[in-house]
Amino acid sequence: MIRRTVRFLDSRAGVAPLAKRALRYVFPDHWSFLLGEVAMYSFFVLVGTGIFLTLFFEPGHARAVYHGEYAPLDGVRMTKAYASAVDLSFRVKAGLLFRQTHHWAADVFVVAIVLHVWRVFFTGAFRKPRELVYYVGILMLMLALLEGYLGYSLLDDLLSGMGLAIGNAVALSIPFVGGNLGALIWDGQFPGGDAFWSRMYIAHVLLLPVAIGALLALHIALIVARHHTQFRGAAKTERRVAGLPAFPGYAPRSVALACAVAAMLFLLGGVVQINPIWLWGPYEVAQATNGAQPDWYLGWLIGALRLMPGFDVTIGSYTLVPNPFWGGALFPMLVFGFLFAWPTIERRVTGDDRYHNLLDRPRDNPWRTAVGAAFMTSVAAVFFAGASDRFYLSFGIPYGPQIWFWRAVALGGPFVVFFAVRRLLTEVKREEETPAPSGFDAG
Amino acid sequence: MRALRLLLALVLALVAPAAAGAADGTSRGRGLFFSGCAECHGADLTGVQADPSRRGADGKVPAGPPLLGVGELAADFYLRTGYMPLDDPEEQPRRSKPSYSERDLRAVVRFVASFGGPRTPQVDLARGRTSAGLKLFVENCAGCHQVVGAGGYLTGAEAVPLDQATARQIAQAVRIGPYVMPRFSERQISDRELDSLVRYVLYTQDPRDSGGWSLEHLGPVSEGIVAWLVAGAALLLVARAIGERIR
Amino acid sequence: MKWLWSALALLLGRGRREAVAPSAVERPRIVPRQESSPRAELAVLALLALASLAAIGFIVVYVVDRLPAQTQLLGLTLGLAFAFLSAALLVTARRLVPVEEISEPYPEPEHSAEADEVVQILDESGERMTRRGLLKVAAAGAGATLGAALIVPAASLGPVAYPDALRRSPWRRGLRLVDSKGRPIRSGDVEGKGLYTAFPQGVSHEELGSPLVVVRVEGQRLDLPEGRDPDLWAPEGIVAYSKICTHAGCAVSLYRTPLYEPTSKSPALVCPCHYSTFDPATGGGVLFGPAGRPLPQLPLEVDDDGTLRAGGDFSEPVGPSWWGVRRG
């Protein structure tokens, strides 16, 4: 029967040569190469659960009075968006499971991407000829952050509403164009017109998922075109790649990983509560709650906003650069700018313009590892600063001194870490037998 | 006859002060107040101005507001929550076990109340509606105490979590405005509205957590920790189980 | 019962499948032959059975209505189903299919011959044109203008410039201050330690400029900026500020108001997002935090019966700053 199917497909679509190559495509087999797949499978769960949610969610700012099952909101005026999310949580069977799984999948999606980017960075996988793969990947990371932000903001609960106010402030703070940009996106003054809500919905359920999906396909196509990198080993050289064949070796492992990701996400989605919007209540412009936070992957932005000293750049009584610009716009631009520029920076500084199919172990390249560690120190410090109120409440560390501490670590920490890590790894490298430098020149 | 009269006088002399004390019921309270509270609030309840030259052996300078006219409302609130007695006037009062036995506590409260002032409002939970309480709480309280009463930071102080507050204490705090909390009078939050507000706060102590483990309702910070330390760690382990290592 | 025994026999029996009978021509093997592992097969069967049970469990929990902790049970059953399936696949990958390491050459880093041919095709195709430069300019012009034409409808999203949209405020002189339920606020209601949220009567609460915080400042602490007459800006010591933080737009809903000031901090309005702290006694000046602009203040009038009314519009635009916004 298999023979008949294969013959049929080959005569109708000519797939046999492609299928043969695909089945025996070589997958270098290190466990750290699976992190990108964890992200990809999280994305699949996002799309699947997301489709379910779109069948029940009512976007938009039309108002209604809630008379549903959840008594503490009975008689409260709220948007249809919020009401339908509450109904999804309580009235739709398995609705809360899918809502929570979808949200956990978004959080885990970005965790996996970050782990994957760390692996790619610290092993030098972004080097020639794979710079394009890397750029597409960083672009996907940016889109994933935006997609997540839009997703939880659609529900119009108190926490995400406050988050949108801050997003609006960051848009407004961009010099020259900020005022118009903020009013354009929000269809007027915050909290925005009806057009803002429908555009946000379409961006989240159609435009961004398609963009991420297309970029993902491009990312994988580029990897296949140049083949995956590998660590040095027996039979593993710059010229020959070794590993498991796609079939029957790699396929069951990859599907096993997919099932494990789905298992983790559905388990979390059922057992650990996330974003209990019925407890937060609907968003109103005049209301706020203490301890409001964005989802974890935007924690660096709330940290940056809190760390900035309080000044607007002004001339006389005219404001030129409002305060949120530095933490909310410039800081992420610098971080992503660094990530995009890194392959070029490394190439210029090391003068290494060779092809690399072999990966470095992090300790093989003390300079790059030290730079990466220093960079992460700064970003992590800003992240933790975002939770400084929580640290105060849980551990009693006073808030004001904490802000100064995180500023010091974010600005000065990288230098300390850079020198310490480089020193340490250089020592380690000297003690080990140094392998021949990798890479080769084409032609 | 004369001896009998003397004896009667003696008995009366002994019993009278106690009888007088029992009649106005504050002598026990007065004694406790003087030993436990007067150092900061003044023996005459008119308060004590901070005077660095009067720094105690423990390094703390006694200071405290006047208590004339604070009434049973404040006395009962502060003593039952353990906010008072306060060790260090410079520190924010913290909830703790009451320092007094029930009997002593009532005595001190009676003493302070004898100088006049408001009583604890009567809370009738049946009259209140949780949804009305939610609206009131988000408007007036969530900014400091967090929308489900988990507490929060405000510059220079802490808005305490409300998980241990009783109905009486919630009503008392609203009417007092303790420490740096605003005070909400009957004109702003009527007694009826207060019933709803108390109902809501009590609800937040055990809210509907249909989604599973609530992570203490702290929101995205704890969710992020779970995403990294549970999901991230587990999936890393799965990846290691599936893939090879460098030999 | 009989079929149960047969099923068990089938399971446990060493059902060694012979390879498919070799065809007439003996083809060299592609996938190597490796040892079987009946125990691993058993493990996989067991795991698959468990996965099926869990999946059935999910269906059952879904169908049975109103179970307590239904979401948790749904998540557990579905999650376990996937987990068992994952484990089954992993054992399959290790023991039930051949495990091999193969190698192949990396793709050619460059294909200089074909790349040159591509360049040659492009070059030779262009040789027929004589005025190449001019044609390029003309094509670029047409392309750019057509592209612009296609992009221009994006202006339908909204006007290119929003000169006044961000300055909108609903407050006018004479508008009554009301609470969230629409009840007018009287000066006598605003006590020393009280915090009021006020709105303009008859105006949507959803407008950014609508919400106010109204507090009473003790006379001797009042220190308004130049040009703000206390009779207009703090009648009877009552001051009103926009509730929208000038840093990033959250509602300034914290009021730090000491019962006994000598041992705690001075009165201040605090925003819960990034803890910008504003002083109500000095016209909303920033005491702490990242805000760069004071809270806009609203002048007030007090009627004969104590009703609070606006005495005009805000001292400066409400909400977060933008390029060019004027400070009051």
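1. Strands β1(A), β5(A) and β1(C), in that order, make up an open, antiparallel sheet. Strands here are DSSP runs of E with at least two residues, helices are runs of H or I with at least four, and both are numbered from the N terminus; two strands pair if DSSP finds at least two bridges between them. β1 (26–27) of chain A and β1 (102–105) of chain C are at the edges with a single partner strand each, so one side of each has no neighbour in the sheet.

2. This is a predicted model, in which local features need pLDDT of at least 70 and side-chain atom pairs count only at pLDDT 80 or more, while totals for chains, interfaces and linings use all residues. Residues are numbered from 1 along each chain as its sequence is written, and chains are lettered from A and ligands numbered from 1 in the order in which they are written.

3. Two bridges join β1(A) to β5 (residues 240–245) of chain A in the antiparallel sense. F27(A) has L244(A) as its bridge partner in β5(A).

4. Helix α4 (residues 112–126) of chain C has 15 residues and spans 21 Å from first C-alpha to last, close to the expected 21 Å, which is 1.5 Å times one less than the number of residues. The number of buried residues among the 15 of α4(C) is zero, so the helix lies largely in the open; buried means that 20 or more other C-beta atoms, placed from the backbone, lie within 10 Å of the residue's own.

5. Chain B has domain 1 (1–118) and domain 2 (120–208), with bounds from an automatic or database domain assignment. Their C-alpha centres lie 28 Å apart.

Definitions and conventions:
Buried ≥ 20, exposed ≤ 12 C-beta atoms within 10 Å, placed from the backbone.
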